Structures are given as structure tokens and as C-alpha cells.
Amino acid sequence: MSAERTESPTDGLPGAVRRVTVLSGGMGGARFTAGLLHGIAQGLLPGVAPDAEVTVVANTADDLWVHGLKVCPDLDTLMYTLGDGIDPERGWGRREETWSVREELATYGVEPTWFGLGDRDIATHLVRTQMLEAGYRLSQVTEALCRRWQPGVRLLPMTDDRVETHVAIADTQAPSGRRVVHFQEYWVRLRAEVPAEQVLVVGLEQATPAPGVLEALTDTDLVVLPPSNPVVSVGTILGVPGLRDTLRASPAPVVGLSPIVGGTHVRGMARQMLTAVGVEVSAAGVGLHYGARASGGLLDGWLVDERDADAVARCETAGLRTLAVPLMMTDDAATAAMAAAAAGLVAER
């Protein structure tokens, strides 16, 4: 992830953006943040200093306990991706992973068999679980794990409290005609191939922001909502009590990038989740779901893909400054260009 820095026109200017905060899910948010760091290091982002510090607030509502171990998929994907340990083909888990423990557990018939932990990955979960059981908070554990990975950002969980996303699906065998499964079961075992009838985030209303989270939204020069899932990634982060209001009141500009390209998601299950909460599956639909800060929403700027250029006028009519640019994260350079467009859009709000 390292790159040589070049001179930037913002060097030495007192008004340069020196602190950036990203609200992130797993794969999409991690890939965006990697491109953002590349763009910062190369001096490619207008108004952003090449030594700008990045804080990432990560979704933890995907977390679960597996075989007695605390697993934090989004935190780990961010940590591995930015620390150069991710499996580049899968986009999650460790590079050069082996699966001996999973195979042994399967011979015992131990459930869940649909969620496998790689041998290398287990080490992270063991350390996390031991520290949590010793009384450390998740934010403290994350800081300790990052000392090994050196992700180049300050990585914060959205909350230290236990929050878990569940999805209601149809079940003709159940008395109510539906059953509720953990988000990971919906995504990993069911592959999001059945309609989601409702999204339930258990514990969210009682959660409090982790240390440093609210400050990351106020003591910053730019806030970015990357193309992560707007319901079960960015949405759950924003659902932590106090966080949405703090973001709305932040003096920093807030810019988002659409996860919907050409009328659907690129990867993941944004389409299913948006449908479940009654939000139109379109670039304009998601932008209006976040809303323009000028009219009580969150955003000062919104990027949509060139294929969704017809969304620009609709969003602009609603008071949301919008621009159509290429939004495919094919490599760090392409993603850096997306980050540059985002920064440029709100540079002179």
C-alpha cells in the first residue's frame, strides 16, 4: 500500500484538508480506503495534504461468535486489506490461507459448517477473544491488533457494545411464516438469494459510540461515505445513537459515493437490503436516502457513476450537489480518481 509522495499544491497551505474520516463496511469500504490512501500519498486529491491522516469508523453489526471466537468481519477486512494481508482474489480473509481446522471441525459435525475460519485467520480471533475476556474493550483490542498490521489509518469500531444485524426471511415451516437469521447466515449460507423481508439490528438502540468516534466526525476536515452497503454497513454506523446528529452538525463537508451502478450493486447485497427497507434501488434513491444536509440530511456532495448520469438532475433538484464520474474500483489508481472527485466536489461548498 505504500507509494512515494509527490509535491502537492496544498503543501504548506493552512486551509489544506489534513484529516479525513471514512465510515466503512468491509470489502467495498476497504478497497475505497486503499485507493484513498494511494491518492493522498501521491498528492492526487484536490485540497488534501499528502500527509493527511485518515480515520476509519468501521461497521461492527456484522460481528458474530463462531466456535467460541469473536469474529469481526469488517474490521478484519479493513485491517488485512490496508495491512497487505488480504486474499486478493476473495477480497476477504488471509492471503495463502489454509483450512485444516475447518476440515477437522467438519469431521466432528460441529456447526456452523457454513462459516469457515481459516487457520491464519483464527489467530486474530483468538487474540481478540482472549483480550475481550480479559476485560479490554473492542476499541482497545482493535488498536492492539493494528500494531501488527500497520494499516496506515486509525481504525475504530463504531461501538464497543454488542450489536448484530439479523434478517427476516420467509419460512413456510415456521408458525409465523418467517424466521430470523444472522446477517452472516443470510450472506454466507443463503448467499442473499432469498428475499429479505426485514432488517433487524439487535442492540443498536442501546449502543454508544466507541471512544474517538464522535470526535472523528467533528475534529476532521472531510467525511466520506464510501460505496459500502447503505443499509447494513454505513446504515448501521449511522444508527448508533448520537452519531447521525453529530455528523449532521459537523463543520466538515460530507461526501458520499453511490454503491449502485447501472441500477444495481456491483458486489454484495445492497439491492436486497435496500428493497427490504423500502429504498429505491438506484443511485438517486440512495443519495436521497442519505439526503442533502441543506434540507436536514447528511450529504454536501454525492457521486454517481457515469451510467447513472440521469440521477444528477434529480438529486440536484433535491438540493444535493451531484456529479457523475467513473465509479468502478478496478485498481488503486481508479479508486484514487474517485476519491479525488469526491474531495473536489465539496472543496468549495
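Two strands are taken as paired if DSSP finds at least two bridges between them. The legends below describe close-up views of a predicted model.

**View 1. The open antiparallel sheet S7-S6-S8.** Three strands form this open sheet in the order S7-S6-S8, with antiparallel pairing. Strand S7 (178–182) and strand S8 (198–202) stand at the edges with a single partner strand each, so one side of each has no neighbour in the sheet. From one strand to the next, the twist averages 30°. Strand S6 (residues 164–170) is joined to S7 by 5 bridges, and the two run antiparallel. Within this pairing, His 166 stands opposite His 182 in S7.

**View 2. Strand S13 and its parallel partners.** Strand S13 (residues 301–305) is mostly covered, with 5 of its 5 residues buried. Gly 301, Leu 303 and Asp 305 lie on one side, Trp 302 and Val 304 on the other, and both faces are covered. Strand S10 (residues 254–257) runs parallel to S13 and is joined to it by 3 bridges; here Val 255 has Gly 301 as its bridge partner. S13 also pairs in the parallel sense with strand S14 (residues 321–325), over 5 bridges. In that pairing, Leu 303 stands opposite Leu 323. The chain passes from S13 through helix H12 (residues 311–317) to S14, in a β-α-β crossover that is right-handed.

**View 3. Met 273 in the largest nonpolar core.** The largest nonpolar core comprises 53 residues, of which Tyr 186 and Met 273 touch the most other members. Leaving aside residues up to four places away in sequence, Met 273 touches Val 167, Tyr 186, Ala 196, Val 199, Asn 229, Val 231 and Val 232. Another core, of 47 residues, lies apart from it and includes Cys 72, Leu 155, Ala 342 and Ala 343.

**View 4. The aromatic pair of Tyr 80 and Trp 149.** This view presents one of 3 aromatic pairs. The ring centres of Tyr 80 and Trp 149 are 5.1 Å apart and the planes meet at 65°, so the pair is edge-to-face. Tyr 80 belongs to helix H2 (residues 73–82) and Trp 149 to helix H5 (residues 138–149), and the pair links parts of the chain 69 residues apart. Tyr 80 counts as buried at 1% relative accessibility, as does Trp 149 at 9%.

**View 5. The aromatic pair of Tyr 290 and Trp 302.** This pair is also edge-to-face, at 5.8 Å centre to centre and 70° between the planes. Tyr 290 lies in helix H11 (residues 283–290) and Trp 302 in strand S13, so the pair ties together parts that are 12 residues apart in sequence. Tyr 290 is buried at 5% relative accessibility, and Trp 302 is buried with a relative accessible area of 0%.

Key: Residues are numbered from 1 along each chain as its sequence is written. This is a predicted model: local features need pLDDT of at least 70, side-chain atom pairs count only at pLDDT 80 or more; totals for chains, interfaces and linings use all residues. Side-chain values use heavy atoms; hydrogens and water are left out. Helices (H or I, at least four residues) and strands (E, at least two) are DSSP runs, numbered from the N terminus. Axes are lines fitted to C-alpha atoms, for helices over the stretch in contact, and angles run from 0 to 180 degrees between N-to-C directions. Buried means under 20% relative accessible area, exposed over 50%, partly exposed in between (1.4 Å probe, protein chains only). A crossover is right-handed if, with the strands pointing away from the viewer, the path from the first strand over the helix to the second runs clockwise. A nonpolar core is a set of buried Ala, Val, Leu, Ile, Met, Phe, Trp, Tyr and Cys residues joined through side-chain atoms within 4.5 Å. Contact means heavy atoms within 4.5 Å. Rings of Phe, Tyr and Trp (its six-membered ring) pair if their centres lie within 6.5 Å; planes under 30 degrees apart count as stacked, over 60 as edge-to-face and the rest as tilted.
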